[in-house]
Structure formats: structure tokens, C-alpha cells
Amino acid sequence: MPIVGVQEIRKKQLIDATLASVAEYGLHNTTINSISRLAGMSSGIISHYFGGKQGLMEATVRRLLEELKLALLRKIDGGEQHSPHQRLMLIVEANFTEFQRSQPTIKFWLSFWAQAMHDPALARLQHINSRRLYSNLRYSFRPLLGNEAATRAAQQTAAMIDGFWLRSALSTDPSADFAQAECLCKSFIEQLLNSHGAKACH
């Protein structure tokens, strides 16, 4: 196996261990030692690959952002031509995948958002995350609503997706609430389109 392949596998294992450590101990109590122990590697390898805990945390956030992007691409790709309406539904689904509903991912996102208020590097990644969701929504709303209405609709829908995801993550029955949240976000989009008299091409 090429050396690059080994490095990428180890990096992924360390990121997975970071998610597991934050889920078990919380962000503040997660240490290089707890991550390396869960990964089954020496603590020095974290500094070697990521420069320390902060670098690994940022890499973990980027992994979660990449997973969001890939989830949407997997749904859109495949040779099928999707209408703007269908794209909007797929954007919602991509934000409520099994990966995004998993306990390690939920606990990491919640810890990340709290820490991002105090950490400029993490705040920048959160801005990228928010901007990407808004841009994807606006791109799909625009053919149906026009520029000005698409901007407002994208802002409202992004807030709905984030808000419902957070409420579901904090509920006592996340599985049921996530399923309901996805349906409610899709219904909100339908209501927006209907209120503007947009024709949804299914």
C-alpha cells in the first residue's frame, strides 16, 4: 500500500476517534491522550499529522462539512436531471442523513457550535458551513422565485433546517424528531413556493 494511503487511513482513524472522544467525554475533556487511546495510536502521531489537538479538531470539522457536501452530491449525481424543486428536497435530505443524525456527529456539532463562539478558526468554518447551505438553497430557489424572493426564501429555509436539526438533536427522542424535522422543512419549502405561485416541476 502506498505511504499516502496509509497516512490517509490513519488520519481518518484519528478523526473518527476524535468524534468518539467528544461523544464520550465532551470537547473540553477530550485530550490528545483520549483520542490516541481510542485510535490505538501513539499521541505523537497527532502532532505529526495535525500539529496538535486544535489542528485535529479543525480537520474533524472539515470532515463533517465534506460529508454534508458529499451527501448532496451523491443524491444529485447519477445522470438524472433534477428540477430546482427536486434539488431543494435533496438539500433538506442531505442535512438529515443517518450520518448527521448519529450520536457522535450530534455531540461533536453541539460542542463545536459552543466553542466556535470563542475560537476564530472554528467560527470561520461555521461561516463556511452556513454560507454553503444558503448558497445551495438560493441557487435552487432562484429559477422558481427570482433573485430577490430566492434570497429571502434561502435565508428562511436555512434557518429552518438549522433550527429543526438543533431541536431534534437536543430532544429525548432524536430519531423520531429528526424524521419529523425533515418533513417539516420540506413542507415549509412547499408552502413558500405555493405562496409565490411557483410551479414545482416534480
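I began with Lys11, which counts as partly exposed at 24% relative accessibility, in what is a predicted model. I found that its side chain meets that of Glu8 in a salt bridge, 3.9 Å from N to O, and that Glu8 is also partly exposed, at 44%. Both residues lie in helix H1 (residues 3-25), three residues apart, about one turn of the helix.

I then searched the whole structure and noted 10 salt bridges. Among them is the pair Glu66 and Lys69, at 3.4 Å from N to O, which are three residues apart in helix H4; Glu66 is partly exposed with 34% relative accessible area, and Lys69 with 33%.

Next I looked at Lys186 and Glu182, whose closest N and O atoms are 3.4 Å apart in a salt bridge, and I noted that both residues are buried. Shared partners join Lys75, Glu93, Arg101, Glu182 and Lys186 into one network of salt bridges.

For helix packing I took H4 (residues 53-76) and H8 (residues 120-145), which pack at an angle of about 5 degrees with their axes 10 Å apart, and are therefore roughly parallel to each other. The residues of this contact divide into seven nonpolar, three polar and five charged; Glu66 and Lys69 are among those that H4 contributes.

Last, I checked the cysteines and counted zero disulfides. The sulfur of Cys183 lies 9.5 Å from the closest cysteine sulfur, in Cys185, too far for a bond, because a disulfide needs the sulfur atoms within 2.5 Å. Cys185 is buried, at 1% relative accessible area.

Technical notes: Residues are numbered from 1 along each chain as its sequence is written. This is a predicted model: local features need pLDDT of at least 70, side-chain atom pairs count only at pLDDT 80 or more; totals for chains, interfaces and linings use all residues. Side-chain values use heavy atoms; hydrogens and water are left out. Buried means under 20% relative accessible area, exposed over 50%, partly exposed in between (1.4 Å probe, protein chains only). Axes are lines fitted to C-alpha atoms, for helices over the stretch in contact, and angles run from 0 to 180 degrees between N-to-C directions. Helices (H or I, at least four residues) and strands (E, at least two) are DSSP runs, numbered from the N terminus. Angles under 35 degrees count as roughly parallel, over 145 as roughly antiparallel, 65 to 115 as roughly perpendicular and the rest as oblique. Contact means heavy atoms within 4.5 Å. Ala, Val, Leu, Ile, Met, Phe, Trp, Tyr, Cys and Pro count as nonpolar, Asp, Glu, Lys and Arg as charged, and the others, Gly among them, as polar. A salt bridge is a side-chain nitrogen of Lys or Arg within 4 Å of a carboxyl oxygen of Asp or Glu.
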